[in-house]
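Hello,

Here is the structure I promised to pass on to you.

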2 protein chains.
Amino acid sequence: MNNRADWFIEPFLHTRKLKPENQETPISFVGGDKTPAHLFYLRNHFDYPHLTVSAYFLPVNGLVKTPRIFSIQEIMSLPAKRLKMTLECSGDKRSLFKPKVFGEQWEKGAISQGYWKGVSLKTVLQYTGLSDQAVEVVVEGYDFGERKDLIQVVPYKRSLPLRKALHGDTLIAYEYNDQPIPFKHGFPFRLIVPGWYGMASVKWIKQITVVGKPFQGPFQTIDYVYFPNPKSDVGKFPVTTMNVNSTIQQPLNMDILQTGTHFIYGIAWTGEGKIKRVEVSFDNGLTWEGANIEQKPKHPYSWVWWTYEWNVYEKGEYTILSRAADSAGRTQPLQAVWNRKGYGYNAADKICVKVE
Amino acid sequence: MNNRADWFIEPFLHTRKLKPENQETPISFVGGDKTPAHLFYLRNHFDYPHLTVSAYFLPVNGLVKTPRIFSIQEIMSLPAKRLKMTLECSGDKRSLFKPKVFGEQWEKGAISQGYWKGVSLKTVLQYTGLSDQAVEVVVEGYDFGERKDLIQVVPYKRSLPLRKALHGDTLIAYEYNDQPIPFKHGFPFRLIVPGWYGMASVKWIKQITVVGKPFQGPFQTIDYVYFPNPKSDVGKFPVTTMNVNSTIQQPLNMDILQTGTHFIYGIAWTGEGKIKRVEVSFDNGLTWEGANIEQKPKHPYSWVWWTYEWNVYEKGEYTILSRAADSAGRTQPLQAVWNRKGYGYNAADKICVKVE
């Protein structure tokens, strides 16, 4: 009489916008280290593109010695790598900035992770060679559309400096968690750029073009730029590497708990090096206590899961902070660096709970 | 190669908690006047109960002339009513209270509506009669469990005064939107109390007991009570009728828009009488302009959908308020009446947008 959907208790993506589709991972309710594909956050700039897979080929051109067009089969027959990687939208936690920033009000779930499998972009570029003038690699997606601030229709397109493009872990991926990448996440091929915010990981790759000077597309000169000043563009710099960061998954903010033992837990990640330390504070950051990092970060690009056993015997209201530090010497600040478009929020995470 | 789920763009319930399951309707993305069952908000106090439908009977007992046990078939063979009704959790919008209130941080989606069909509780009580000492009708659900503040396991159980219990529109419902009520929403029978906050609409009815004095269960003496004072219980009074209220569905808070014409739209509802007027303000409530109520409120218990055509030619940041007034003479205040458990938030709704 009742089917499975009637009984099954599960979290869902948290809808931010449907045109284009932007939905957040329910990060407080996602366990394990592999976000299931249906709960992977969705961040789109445009409508989904129309792709004819049977007619799909991947051109690699521009400042290369031998331009080539690869078939899906050729790409998939090249040596593959499978890496556990965190993708985080640079707008993750935007809603927490003070003063508030306009734009998608992401809470803490514009982040997901799992295993991406594909061929190194470097390997593909070895087939074409690079000319001596090569400076950047531009990756264009099949998605395109209008922007409020430009007259022409524009494709989603971003560049990587050669150093990053030729890093062996920058992948042309075709599997997520051992399945073909779901269409919404970039099928058949998605660029995966470890350590950088998600805007670099271009979906539905249409072509790859090597260029001789820094690319100036709107998705790296208008969007995905830190503007530290509210009114002027002084001091701007591009969004690239993920900041060191942590999120308390449980308890939830404003939870009511009982006296006793509670496990505070969450995730911590960084775009540079590895997570070295996660700490929690119960006095607004005056003193910090170490949390346990549950898995050693074997995969340098993935988040670590951390726990802290909290014995609380006194009733009252508590503020709990978490902060992470990475091997690059970076530590989460108590206050995030405000910027006009709201990127890279990484203040120590903060929740309040009441113990009754 | 890609299935429907890969392509289909849809909103989801917004997960607040999984144990017990509390999920919010994505109210900004739900069109029409019937919330689909899978997007109807879920507010549970306990785990889902175990119910054997084949052994289900509904006892009506206590201060009645002839106690009776009804079969499902008997209930369903009585004259039925089908009413479009809004259900709203009294904690809806709790996250908006200032100072913040502990507990589930509902945003604006602990509200849904659709068609409920069932038999009047009054009709059922005509079969048993009421003794002269009858004062209230207690409805017990099959759901039960522990409370942090009590030693025994308690069932979910609430009472209605005779006046409300015998109102012909208080239903023992068995259909929602012309389908059997989904299990999670109270199958086989759910009490539906029009005009009252959702806590009165007991799911999975186990028994109905007529009593001779006001019932003192924890779900009406500890929870679902307005406590206006932060520390003392002075001035407390029970949560019953829904306040007059409105919600802006679009634009979204912190949206970035272009100059031109925009439709501001949303819903308005009340637990007393009908919605008479919806207004919007662009100057923090100094002046108000009328919005269009799109359907006349034929069904007194349902929300109305309202729109306002906004022509905006000047770039800048705007604050938009909405407020509703009902035929009972109530108007939404600019500030909600704070109460310790965070019930009944109904301040004028407020969003900020930036026009570029």
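Let me begin with a loop: B:Asn284 is found between β19 (275–281) and β20 (289–290) of chain B. Helices (H or I, at least four residues) and strands (E, at least two) are DSSP runs, numbered from the N terminus. B:Asn284 is not a glycine, yet its phi is positive, about 60°.

Some conventions before the rest. This is a predicted model, in which local features need pLDDT of at least 70 and side-chain atom pairs count only at pLDDT 80 or more, while totals for chains, interfaces and linings use all residues. Residues are numbered from 1 along each chain as its sequence is written, chains are lettered from A and ligands numbered from 1 in the order in which they are written, and side-chain values use heavy atoms, with hydrogens and water left out.

**Backbone geometry**

Most residues other than glycine have a negative phi, and most peptide bonds are trans. B:Met254 sits in the loop between β16 (245–250) and β17 (255–257) of chain B, and it is buried, with a relative accessible area of 5% (buried means under 20% relative accessible area, exposed over 50%, partly exposed in between, with a 1.4 Å probe and protein chains only).

There are cis peptide bonds to look at as well. One joins A:Gln250 and A:Pro251, with omega about -5°; A:Pro251 belongs to the loop between β16 (245–250) and β17 of chain A. Another joins B:Lys98 and B:Pro99, again with omega about -5°, and B:Pro99 is placed in the loop between β6 (81–88) and β7 (111–120) of chain B.

**A sheet and a helix in chain B**

Chain B has an open sheet of three strands in the order β1-β2-β3, with antiparallel pairing (two strands pair if DSSP finds at least two bridges between them). Its edge strands, β1 (14–18) and β3 (42–43) of chain B, each pair on one side only. Strand β2 (residues 21–24) of chain B is joined to β3(B) by two bridges, and B:Asn22 stands opposite B:Arg43 in β3(B).

In helix α3 (residues 121–128) of chain B, the buried residues are B:Leu121, B:Thr123, B:Val124, B:Leu125 and B:Thr128. Just after α3(B) comes B:Gly129, with a positive phi of about 75°.

**Salt bridges**

Over all chains, the structure holds 40 salt bridges (a side-chain nitrogen of Lys or Arg within 4 Å of a carboxyl oxygen of Asp or Glu). One of them pairs A:Arg340 with A:Asp233, the closest N and O atoms being 2.9 Å apart. A:Arg340 lies in the loop between β23 (316–326) and β24 of chain A and A:Asp233 in the loop between β14 (225–226) and β15 (237–238) of chain A, so this pair ties together parts that are 107 residues apart in sequence. A:Asp233 is partly exposed, at a relative accessible area of 40%.

In chain B, the side chains of B:Lys184 and B:Glu21 meet in a salt bridge (2.9 Å, N to O). This pair links distant parts of the chain, 163 residues apart: B:Lys184 is in the loop between β11 (179–180) and β12 (190–192) of chain B, and B:Glu21 is in strand β2 of chain B. Both B:Lys184 and B:Glu21 are buried.

**Where the chains meet**

The contact (heavy atoms within 4.5 Å) takes 43 residues from chain A and 44 residues from chain B. Together the chains bury about 4000 Å², 67% of it on carbon and sulfur atoms; buried area is the accessible area (1.4 Å probe) that two parts lose on being put together, summed over both. A:Phe102, A:Lys148 and A:Met254 supply 20% of the area that chain A buries against chain B, more than any other three residues.

Two salt bridges are counted between chain A and chain B. B:Asp255 forms a salt bridge with A:Lys17, with the closest N and O atoms 3.1 Å apart.
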